[in-house]
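Reader: I would like to learn how to read strands, helices and their packing from a set of coordinates. Could you take me through one case step by step?

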Amino acid sequence: MTKANPPPSKTSPLKVWAVSDGRAGIEAQVVGLAEAISRLAPCEVTVKRVGWQGNIGRLPWWLNLLPKRWLTPESGLPAGRNPDDWPDLWIAAGRATLPLSIRAKRWSGGKSFVVQIQDPRVPPHMFDLVIPPKHDRMSGDNILPITGSPHRVTQQRLAAEYEAFQDLIEPLPRPRVAVLVGGKSKAFDLSSERAAQIAHSIQIPLEQDGGSLLMTFSRRTPETARALMTARLRHLPGVVWNGEGPNPYFAFLAAADYILVTEDSTNMATEAASTGKPVFVLKMDGSSLKFRLFHEELERQGAARPYGGAFHGWTYEPVNETDRAAREVLARIGVEVAEPVAEPEPAPVEQAKAKAKPKPKARPGAEAKAPTEPAAPKVRKPRAAKPKA
């Protein structure tokens, strides 16, 4: 980078831009980190979705010599170099942002501290800070490897989302099993045969032991796999979100006793591991060394295990890498923040229930736990099947 960053003003909030091409998985990372920073220090967060005219966005960053000329008007970047028009923190992710991130510091007159999430696959010294996942195996003075990816999951958000869907979820029997299904990517796919195997492995324990299903699909899920899994599992008590209406994704995370996630998504697995609930990884078609390293890292932290066709509970410290990354960013620009509070927050579902009921009833056979400790699911004994709705 060309100049040292000037210290941010102590009297005005930090101006933070979260920059991506607008794809949901990429935008969630930059916005998640920006929101985490705003929880620690006063900030004005602006989401920027950059777009390129024609096929310019497909060019390598080093061939895009005049990137401002080819941006779409909706991108909303300043035309000039007045430092007042630029942010204190530029947080970006994705290939589409590289020609801009590399030049943001120069355009801002040295004002903007440039943070690039993920492995940019360009020399890291072109940025002030790079935050890649650990499984990308990057290291250096301006590199902060984290487990998985930054995200937007917080205890407060889970509680609020659960409350919004409480009437739908509360009557469902336990254990509640959230199933987060991804889809086709460079390394993985979800064939009809694999989708049928996954559906069968979920159906059997829910039919034998009881419980309910909370299933959602991603935009990448093949339509044939989506239709097959829905047809095989829709007779079970629960909710299969069809993509219409408000998205219950975060409510499912809040309500679940167990979370199953396909192995193709770093975002979904990291978000699931941030809840402190047992996470099971579902095998897909294909393989990837990086994803294997990622899942092994989650296993070492006690968060995830391969799914073997049965549900069982355990406890671990929730994976909270987004907050750690936010603190590192603020430390590097000279903003002091208070140390994190050691006392854990109440489980989000219990917070939501407390608003509607004087005291939630304990599940039969569950052991009493301290009020601030999230309840760990227990292995359930087979029981008689309830009449299905």
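Author: What follows is a dialogue about a predicted model, taken up one feature at a time.

Reader: Let us begin with the sheet of 5 strands; what is the order of its strands, and which pairing do they show?

Author: Strands of a sheet pair through backbone hydrogen bonds, either parallel or antiparallel. Here the open sheet of 5 strands has the order β2-β1-β3-β4-β5, and the pairing is parallel. β2 (43-49) and β5 (129-131) each have a single partner strand and stand at the edges, so one side of each is left without a neighbour in the sheet. Direction ignored, neighbouring strands of this sheet are turned against each other by 20 degrees on average.

Reader: How many bridges join β1 to β3, and what packs on the sheet?

Author: Strand β1 (residues 14-20) and strand β3 (residues 89-93) run parallel and are joined by 4 bridges, and W17 has W90 in β3 as its bridge partner. Helix α11 (residues 321-332) packs on the sheet, where it touches β1, β3, β4 (113-117) and β5, and its direction makes about 175 degrees with that of β5.

Reader: Turning to strand β10, which of its residues lie on one side and which on the other, and are they buried or exposed?

Author: In a regular strand the side chains alternate between the two faces of the sheet. In β10 (residues 258-262), Y258, L260 and T262 lie on one side and I259 and V261 on the other, and both faces are covered, with all of these residues buried. Counted for the strand as a whole, 5 of its 5 residues are buried.

Reader: Which strands are joined to β10 by bridges?

Author: Strand β6 (residues 176-181) is joined to β10 by 4 bridges, and the two run parallel; within this pair, V179 stands opposite L260. Strand β11 (residues 279-282) is likewise joined to β10 by 4 bridges in a parallel arrangement, with V261 standing opposite V281. Together with helix α9, β10 and β11 make a right-handed β-α-β unit.

Reader: How should I read helix α9 itself, and what do its buried residues pack against?

Author: An α-helix has 3.6 residues a turn, so residues three or four places apart point the same way. In α9, however, burial extends to 8 of its 8 residues, among them N267 and E271. The buried residues of α9 pack against α1 (24-40), β6, α8 (249-255), β10, β11 and α10.

Reader: At what angle do α9 and α10 pack, and which residues meet?

Author: Two packed helices are described by the angle between their axes and the distance between the axes. For α9 (residues 266-273) and α10 (residues 289-300), the angle is about 0 degrees and the axes are 12 Å apart, which makes α9 roughly parallel to α10. T266, A269, T270 and A273 in α9 meet F291, F294 and L298 in α10; by class, this contact has 5 nonpolar, 2 polar and no charged residues.

Reader: Finally, why does F252 count as buried, and which residues is it in contact with, leaving aside its neighbours within four places in sequence?

Author: F252 has its place in helix α8, and F252 counts as buried because its relative accessibility is 0%, where the cut-off is under 20%. Leaving aside neighbours within four places in sequence, F252 is in contact with I169, A178, L214, M215, T216 and V239. Sequence separation is a further thing to check: F252 and Y162 are 90 residues apart in sequence and 7.5 Å apart in space, C-alpha to C-alpha.

How values were computed. Residues are numbered from 1 along each chain as its sequence is written. This is a predicted model: local features need pLDDT of at least 70, side-chain atom pairs count only at pLDDT 80 or more; totals for chains, interfaces and linings use all residues. Side-chain values use heavy atoms; hydrogens and water are left out. Axes are lines fitted to C-alpha atoms, for helices over the stretch in contact, and angles run from 0 to 180 degrees between N-to-C directions. Angles under 35 degrees count as roughly parallel, over 145 as roughly antiparallel, 65 to 115 as roughly perpendicular and the rest as oblique. Contact means heavy atoms within 4.5 Å. Ala, Val, Leu, Ile, Met, Phe, Trp, Tyr, Cys and Pro count as nonpolar, Asp, Glu, Lys and Arg as charged, and the others, Gly among them, as polar. Buried means under 20% relative accessible area, exposed over 50%, partly exposed in between (1.4 Å probe, protein chains only). Two strands pair if DSSP finds at least two bridges between them. A crossover is right-handed if, with the strands pointing away from the viewer, the path from the first strand over the helix to the second runs clockwise.
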